[in-house]
Structure formats: structure tokens, C-alpha cells
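Q: I would like to learn how to read a model like this one step by step. Could we begin with the way a chain is divided?

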Amino acid sequence: MLYTLRGMVPDWASIVVSNMLLAGTFAMALGAVSQFRGQAMPWARMLVPVAAMTLLFALFIDDYRARIIVAGVLAPVQLGMVLWVLWRPQPPAQLRGAWLFSVGLGLQFALLAVRGMLAALDAIPLDGLMHGSPMQSFVFMAAFVVVILTSLGFILMAKDRAEADNRYFAVHDELTGAANRRALTQTLDRDVARAVRAGEPYALMMLDIDHFKVVNDSYGHHAGDQVLRHVVAVLRERIRAQDLVGRYGGEEFMLLLPNTTLSGGAALAETLREVMEQTPCMHEGRSIAVTVSIGVCGAYLENASNWDYLIQAADQALYRAKAAGRNRVECADLPRRAYA
Ligand SMILES: Nc1nc2c(ncn2[C@@H]2O[C@H](COP(=O)(O)OP(=O)(O)OP(=O)(O)O)[C@@H](O)[C@H]2O)c(=O)[nH]1
């Protein structure tokens with residue numbers, strides 16, 4: 001708008017302020033992309049080019065050629081930084097939006113750089129912004145395309161991320177990243193049916209952190225949360241790819257172990273108990289001792305329609321482990337009717 005008012009408003013508004021705003025737009029794009037990528041706002045890299053553009057345009061207020069050259073250098077530098085943050089060190093997960101956004105920015109980058117270069121080589125007419133040279137008309141027209149492409153690209157990136165987050169949190173516990181109760185249930189449905197079909201054994205573990213309330217009370221809730229993440233990390237390191245660890249409730253976790261016998265599950269439970277005891281959780285420079293009690297059940301299943309009894313059996317074994325002094329593993333005796 002300020003560009004089109006050239007001659008009707010003072011030159012400092014039409015020339016200096018308008019280009020300061022344009023540089024500001026690119027700076028905001030850099031801020032937005034940095035935030036999108038989870039990085040801090042790069043204030044210096046955002047503000048220095050805007051200040052440089054403003055100063056140089058004020059300095060060259062009567063020199064159209066110099067201004068085109070300045071814009072042909074500074075704007076591509078700003079746009080290059082936006083593209084760098086977007087694609088480095090790894091490309092973003094939201095590829096289709098990122099490509100659209102980058103094509104828009106790349107077009108702007110190329111146009112301003114080429115125009116600056118042609119001006120520097122005296123290869124385009126330099127009779128002013130509003131005199132309708134083909135190059136100038138092209139730059140104006142392209143600006144609309146650029147705005148549409150970059151806006152659509154960014155909206156698409158944000159939408160794809162929101163959808164991916166929704167999908168992730170539908171099946172993961174927010175605090176620990178372990179499977180949530182819903183994912184555990186879905187996996188049990190699928191796993192138990194497969195185990196029955198294949199005639200393979202299946203084991204299930206319930207694991208509970210000992211005296212977790214004391215951790216919260218002594219070290220605070222943040223430390224408690226860190227202990228929960230620590231437990232999941234330790235469990236994940238020890239289980240196989242086909243096993244699943246999920247958060248069943250507050251400080252209670254469930255492990256699903258396909259193709260595992262009761263004795264195999266019990267051996268793994270004992271290893272996990274030992275590793276947990278030997279691996280304290282570090283929080284703000286302090287070492288917090290963690291022990292767990294585990295109830296295990298496992299069997300060759302014959303009935304895929306109901307697996308509740310597996311959880312009940314493992315839970316009862318866990319209860320016995322707690323009652324027997326904690327930091328222990330107990331195995332469940334599955335009632336015969338359960339899997340007959
Ligand atoms: N920090 C934190 N604490 C939680 C969370 N969910 C549940 N808790 C706490 O976990 C504690 C569980 O306490 P209890 O059920 O008494 O169990 P416990 O202290 O581990 O005792 P035992 O299981 O008998 O060994 C409670 O203090 C809850 O507030 C969570 O997401 N974060």
C-alpha cells in the first residue's frame with residue numbers, strides 16, 4: 001500500500017517505512033519458523049537486517065539503483081536464514097507444507113536477488129518503482145503469489161503437525177511417552193488374538209514404583225514426574241521391539257510380552273527389577289533411588305475373547321509382591337478356566 005502511494009505520501013514513508021515493514025515481515029517469518037522448529041527466537045538475526053534495511057534505505061533515499069541492490073542482498077539473506085532454520089539440521093516432518101512455503105520464499109529470494117544483480121550490472125531500466133518496467137511489474141505480481149504460497153505452506157505445516165500430535169496423544173501418555181491405557185487395550189486385543197491363533201505363549205507384567213508418594217513428598221512433583229520418565233526409559237532399553245510398555249495408572253505400568261512364557265516373563269521381570277534398583281534417577285543433580293514391584297502372568301492362551309483375567313492375575317501377583325516387602329517379583333497362577 002505504501003509503495004503504491006509513492007508521490008502522494010512523503011518519500012520516507014513510501015520508501016523507508018515500506019521497506020522496513022517488508023524486512024520486518026521476513027524477520028517475523030524467521031521468528032515463526034524458529035518457534036515452529038522449537039528453537040528460541042533469534043532476535044539478533046531478526047532485528048539486525050531490519051535495522052540495516054531501514055538505515056540503508058534512508059541513506060539511499062534518492063538513489064533507486066542503490067536501493068534495489070541493497071534489497072537484492074539483504075532480503076535474500078533474510079529469506080536464506082528462514083529456509084536454513086526450516087530445513088536444518090533435519091528437514092521438518094511436515095514436508096508438503098514446508099515445500100510450499102519454501103517455493104514461495106525461494107521465488108521471492110530469486111526475484112529480489114536477480115533484480116538486484118541486474119540493477120548492479122545496469123541491465124534493467126532504472127527509471128523508478130512506479131514506471132511500470134516489465135521487471136517491476138513481475139516483482140509486484142510475484143509478491144501476491146509469494147504471500148499466498150507462504151501462507152498456505154505455513155498453515156499446512158501447522159495443520160499437519162496438529163494432526164500428528166493428535167494421533168500421537170491418542171495412543172501415548174503425555175508425561176512419559178509410554179503407550180496409554182487405550183493403546184494397551186488395543187494392543188491386547190490384537191496380541192491375544194494372534195497368540196491364540198498361533199498357539200504361542202503370551203506374558204503380561206504389572207509394575208509399580210515402590211513408595212512413590214515418598215518421592216513426591218520428599219523431592220517434589222517435578223522429581224516424581226522425572227522418576228516416571230526414568231522408569232519408562234529404563235524399561236524401554238531392556239525390552240524387545242515387539243514388547244510394549246504402557247502407563248496403566250499413576251505410577252503403575254503394564255508390559256505386554258508376545259511370544260513369552262511365564263518363566264521367560266519372570267526372568268525378564270527379575271532383570272528389570274535389578275536394573276531399576278541399580279539405576280537411580282538423576283534429577284537436578286540429585287540421585288533418587290528407585291525400586292519397583294512386579295507381578296507377572298503368562299500362559300498358552302486358548303480364549304481370545306477375554307483377556308481381563310490376565311490383568312487381574314498380574315495385579316494380584318503385584319499385590320503379593322508389595323505385601324511381601326516390595327522390590328520383588330511375584331508370578332501369577334492363572335486359574336485353569338481362564339485359558340481353557
Ligand atoms: N509426580 C507425579 N505423581 C503422581 C502421578 N500420578 C500419580 N502420582 C502420585 O503417586 C503416588 C502414589 O501413591 P501410593 O498409591 O500411596 O503408592 P506408593 O507411595 O508408591 O506406595 P506403594 O505402591 O504401596 O509402594 C500418589 O502420591 C500420587 O499423587 C504423576 O503423574 N506425577
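A: Domain bounds are taken from an automatic or database domain assignment, and here that assignment divides the chain into domain 1 (11-171) and domain 2 (181-339). The C-alpha centres of domain 1 and domain 2 lie 53 Å apart. This is a predicted model, in which local features need pLDDT of at least 70 and side-chain atom pairs count only at pLDDT 80 or more, while totals for chains, interfaces and linings use all residues. Residues are numbered from 1 along each chain as its sequence is written, and side-chain values use heavy atoms, with hydrogens and water left out.

Q: Where does UniProt place the "transmembrane region" feature?

A: UniProt positions are given in the numbering used here, with feature names shortened, and annotations may be inferred rather than shown by experiment. The unreviewed UniProt entry places "transmembrane region" at residues 12-31, 43-61, 67-87, 99-118 and 138-158. Helices (H or I, at least four residues) and strands (E, at least two) are DSSP runs, numbered from the N terminus. In the model, residues 99-118 are 100% helix and 0% strand, with end C-alpha atoms 28 Å apart, and residues 138-158 are also 100% helix and 0% strand, with their end C-alpha atoms 30 Å apart.

Q: How many residues surround the ligand?

A: A residue is counted as near a molecule if one of its heavy atoms lies within 4 Å of it. By that rule 17 residues surround the ligand, and the closest are H211, F212, D225, R247 and R326. To sort them by class, Ala, Val, Leu, Ile, Met, Phe, Trp, Tyr, Cys and Pro count as nonpolar, Asp, Glu, Lys and Arg as charged, and the others, Gly among them, as polar; the shell has four nonpolar, five polar and eight charged residues. The largest share of the shell, four residues, comes from α8.

Q: How is a pair of aromatic rings described?

A: Such a pair is described by the distance of the centres and the angle of the planes. Rings of Phe, Tyr and Trp (its six-membered ring) pair if their centres lie within 6.5 Å; planes under 30 degrees apart count as stacked, over 60 as edge-to-face and the rest as tilted. The structure holds four aromatic pairs, and one of them, W87 with W99, is tilted, at 4.9 Å centre to centre and 50° between the planes. Because W87 lies in helix α3 (residues 64-87) and W99 in helix α4 (residues 95-120), the pair ties together parts that are twelve residues apart in sequence.
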